[in-house]
Every structure is written in structure tokens, then in C-alpha cells.
Amino acid sequence: VLGDYLTDDIANEWIDEDIYLLKALLTKGMVDVGVLEIYIEINDNFASVSLGNEMYDPNIWTLNGLKSDPFWEKQRKLASELLNQLTPIID
């Protein structure tokens, strides 16, 4: 049960409102549209596996799921890509 809180916190920390910051960076020419697309994909992925949505699976939201489920592997890969693209502007 404690593990469920951990994965829930991860998803909740990915706040949809953060997109406004990325849009501002895009407008200023500091990032390209690819950064925004990755962010949106990550956000959409979280939405699709959330309770009540088409791909919801309670096994994704366990510690074991966090370690090895393809959903989380994809999310980690996308997050890594996003960070790699953002690193030059935050250094």
C-alpha cells in the first residue's frame, strides 16, 4: 500500500500547468517545439493510465510496476530526453 503512495506522488508532481513555462521558453526561442511535444506526451501518458481512463491498470501503480512496467520505462526515457534538451538552457 505504501508503494501506491510513491507512484501516485510521482504522477501528481507532473503538473499540467508547467506547460506554460515551456510555452514561454518556446516563445522566447529558448527551446524548440520538440521539448513541448515530449512534455505533452509524458503528460498524456500519465492521463491515459490514471484511474478511470482507457489504459488504467492497478499493477502500473505499484512499486514493482514502477521498477519494471513498460509504461514507466517509457516515461523515464521520455523524461531523460526532455532533461537532455533542457540542460543547455539551465546550465
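Which residues does Leu-22 touch, not counting residues up to four places away in sequence? In this predicted model, local features need pLDDT of at least 70 and side-chain atom pairs count only at pLDDT 80 or more, while totals for chains, interfaces and linings use all residues. Residues are numbered from 1 along each chain as its sequence is written, and side-chain values use heavy atoms, with hydrogens and water left out. With that settled, the partners of Leu-22 are Val-31, Val-35, Leu-36, Tyr-39 and Leu-86; contact here means heavy atoms within 4.5 Å.

Stepping back to the whole chain, there are 5 helices and 0 strands, so the pattern along the sequence is simply α-α-α-α-α (helices are DSSP runs of H or I with at least four residues, strands are runs of E with at least two, and both are numbered from the N terminus). The chain has 91 residues, and 32% of them count as buried, that is, under 20% relative accessible area with a 1.4 Å probe and protein chains only, against over 50% for exposed and partly exposed in between. Its accessible surface is about 6100 Å², with 58% of that belonging to carbon and sulfur atoms (Shrake-Rupley method, 1.4 Å probe). Of the contacts between residues at least 6 apart in sequence, 58% join residues at least 24 apart.

Leu-22 turns up again in the largest nonpolar core, a set of 19 residues in which Leu-22, Trp-72 and Leu-82 have the most contacts. Such a core is made of buried Ala, Val, Leu, Ile, Met, Phe, Trp, Tyr and Cys residues joined through side-chain atoms within 4.5 Å. Helices H2 (19-27), H3 (33-49) and H5 (70-90) each put in at least two residues, and H3 gives the most, with 7.

Then there are the rings. The structure holds 5 aromatic pairs, meaning Phe, Tyr or Trp rings (the six-membered one for Trp) with centres within 6.5 Å; planes under 30 degrees apart are stacked, over 60 edge-to-face, and the rest tilted. Phe-46 and Phe-71 have ring centres 5.9 Å apart and planes at 65°, so they sit edge-to-face. Because Phe-46 is in helix H3 and Phe-71 in helix H5, this pair ties together parts 25 residues apart in sequence. Both Phe-46 and Phe-71 are buried. Trp-61 and Trp-72 also make an edge-to-face pair, because their centres are 5.5 Å apart and their planes at 90°. Trp-61 lies in the loop between H3 and helix H4 (63-68) and Trp-72 in helix H5, so here the parts tied together are 11 residues apart in sequence. Trp-61 and Trp-72 are buried too, and Phe-46, Trp-61, Phe-71 and Trp-72 form one aromatic cluster.
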